[in-house]
Amino acid sequence: MKTKKLTLVEHLQPVPTSVVGISALALIAALGVVSLIFAAYGIHPLKGYQTLFKGAFGSWYALSETLTRTIPLLIVGSGLTLAFQASTWNIGAEGQILLGACAATWIALFSGLPPTLIIPAMFLLGFLAGGLWALLPGYFKAKFSVNETIVTLMLNYVASNIVLYLIHGPWKGKSARGFAYTDMFPKEAWLNTISGTRIPILTLALGFLVALACYIILRYTTFGFRLRVSGQNPQTAKLVGIKQEMVTLWVMFLSGGLSGVAGAGEVSGIHHLLRHPSHISLGYGYTAIIVAWLARANPLAVPLSAFLFGALMSGGDALKVSLGIPFQMVHVFNGLIIFFLIAGERFMRYGLKLTKNGEVGT
């Protein structure tokens, strides 16, 4: 009598159903560990999660703050999918955001451009600043095979100190007392926001357009094909004549440029001045790495993962205010998610199939 049974089969590429399942389990596991942390603070886990949820979605103000945090994660995360698809590990988005913010600040305060050109110039120069900052480690990787992970990470600290130098030195505002910051931008350099919120309309729309554009580049262009082949099989890329060095330079420039755009959006749409690095970017560059990873480097999935982490960041403020838990708890949560995602990476290549008489069924 013929019998059927389920067999575990390993695939060359991650199985879509396994990716969804393992990612969900990673989130659940992270929630479980965070529950223990809540308990260590003497807080019932359900109360902690209720506060987190209300802080992210409990009112129109809470939801608007979630969307405000989502925008830079969406723009930066979409750019990082290009780099990750090419197996180029740009960990320097935090610094690239700050360089974009610096470039935009220069346009707003010192360029003397006509009012109608200020905002376009801020975003253009922000893109160039972030892109060129990312090209530096890209060049060293392409030319000398220097590990881009280490270089991009170290450049984050350089960028942070550049901002500190500017706001404490030549760009320090005339009214700055105690905390250092620049003068306020002229109104022509402010982005319009949705009424009653801090959500910049331009960057919100731009975030979705960037995600769509990155998807089109990856799936429907020659460059995207070269990028994916270089990332998936470097030997094949070399055999078919793909110049991997150029791919590396381009993906670093594009991903860094989009991070710079996010930085320009933060100073133009939220702060309207340049201030301490930790206020310009609330760890967006680091969190966007997890956003792109959770999306499996698929730009179309980035809006959802960016919204999830935007909610975590917005809810983290509520945890701090209502329960006295440090905001750094959000970073712990992010770290746990990426830890469990990496731990489950191997299992994403496995799937279950029905077999008959020892042969895999169709």
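These legends accompany close-up views of a predicted model.

**View 1. Helix α1 crosses helix α14.** Helix α1 covers residues 16–40, and helix α14 covers residues 329–343. Their axes come within 8 Å and cross at roughly 140°. The two helices are therefore oblique to each other. The crossing is right-handed. On the α1 side, the contact is made by S23, A26, L27, A29, A30, L31, V33, V34, I37 and F38. On the α14 side, M329, V332, F333, L336, I337, F340 and L341 take part. By class, this contact has 16 nonpolar residues, one polar residue and no charged residues.

**View 2. S23 sits in helix α1.** S23 belongs to α1, and is one of the residues that α1 brings to its contact with α14. Is S23 buried or exposed? Its relative accessible area is 9%, so S23 counts as buried. Leaving aside residues up to four places away in sequence, S23 touches S18, L294, L341 and M348. Among these, L341 is a residue that α14 brings to the contact with α1.

**View 3. L294 lies in helix α12.** Helix α12 runs over residues 284–294 and includes L294. L294 has a relative accessible area of 14%, so this residue is buried. Which residues does L294 touch, not counting those up to four places away in sequence? They are S23, S305, L308, F309 and L341. L294 and M154 are 140 residues apart in sequence. In space, the C-alpha atoms of L294 and M154 are 24 Å apart.

**View 4. Helix α1 also meets helix α2.** Helix α2 takes in residues 45–57. The axes of α1 and α2 come within 8 Å, and they cross at roughly 110°. These helices are therefore roughly perpendicular to each other. From α1, the contact uses L31, G32, V34, S35 and F38. From α2, P45, G48 and Y49 join in. The residues of this contact divide into five nonpolar, three polar and no charged. L31, V34 and F38 of α1 are also listed in the contact with α14.

**View 5. Helix α8 packs against helix α10.** Helix α8 spans residues 222–232, and helix α10 spans residues 244–271. Their axes are 10 Å apart, at an angle of about 110°. So α8 and α10 are roughly perpendicular to each other. F223, R226, L227 and S230 come from α8. They meet Q244, V247, W250, V251 and L254 in α10. How many nonpolar, polar and charged residues does this contact have? By class, there are six nonpolar, two polar and one charged.

**View 6. T88 is found in a loop.** T88 has its place between α3 (60–85) and α4. Its relative accessibility is 1%, so T88 counts as buried. Beyond residues up to four places away in sequence, T88 touches A83, K141, E148, T248, V251 and M252. One of these, V251, is also among the α10 residues that meet α8. T88 and M252 are 164 residues apart in sequence, yet 7.8 Å apart in space, C-alpha to C-alpha.

**View 7. The largest nonpolar core.** This core has 93 residues. Which of them touch the most other members? They are L73, L80, M122, L274, F309 and I337. Helix α4 (residues 93–110) gives the largest share, ten residues. The contacts of L73 can be followed one by one. Not counting residues up to four places away in sequence, L73 touches S78, Y284, T287, A288, V291, V302, A306, F309, G310 and M313. F309 is also touched by L294. I337 is one of the α14 residues in contact with α1.

View 8. H272 lies in the loop between α10 and α11 (277–280). Phi of H272 is near 65°, a positive value in a residue other than glycine. With 11% relative accessibility, H272 counts as buried. A297 is found in the loop between α12 and α13 (302–323). Phi of A297 is near 55°, again a positive value in a residue other than glycine. A297 counts as buried, at 11% relative accessibility.

Technical notes
Residues numbered from 1 in each chain as written. Predicted model: local features only at pLDDT ≥ 70, side-chain atom pairs only at ≥ 80, totals over all residues. Heavy atoms only, no water. Helix = DSSP H or I, 4+ residues; strand = E, 2+ residues; numbered from the N terminus. Buried < 20%, exposed > 50% of the residue type's maximum accessible area, 1.4 Å probe, protein only. Contact = heavy atoms within 4.5 Å. Axes fitted to C-alpha atoms, helices over the stretch in contact; angles between N-to-C directions. Parallel < 35°, antiparallel > 145°, perpendicular 65-115°, else oblique. Left-handed = near helix turned anticlockwise from the far one by under 90°. Nonpolar A, V, L, I, M, F, W, Y, C, P; charged D, E, K, R; others polar. Core = buried A, V, L, I, M, F, W, Y, C linked by side-chain atoms within 4.5 Å.
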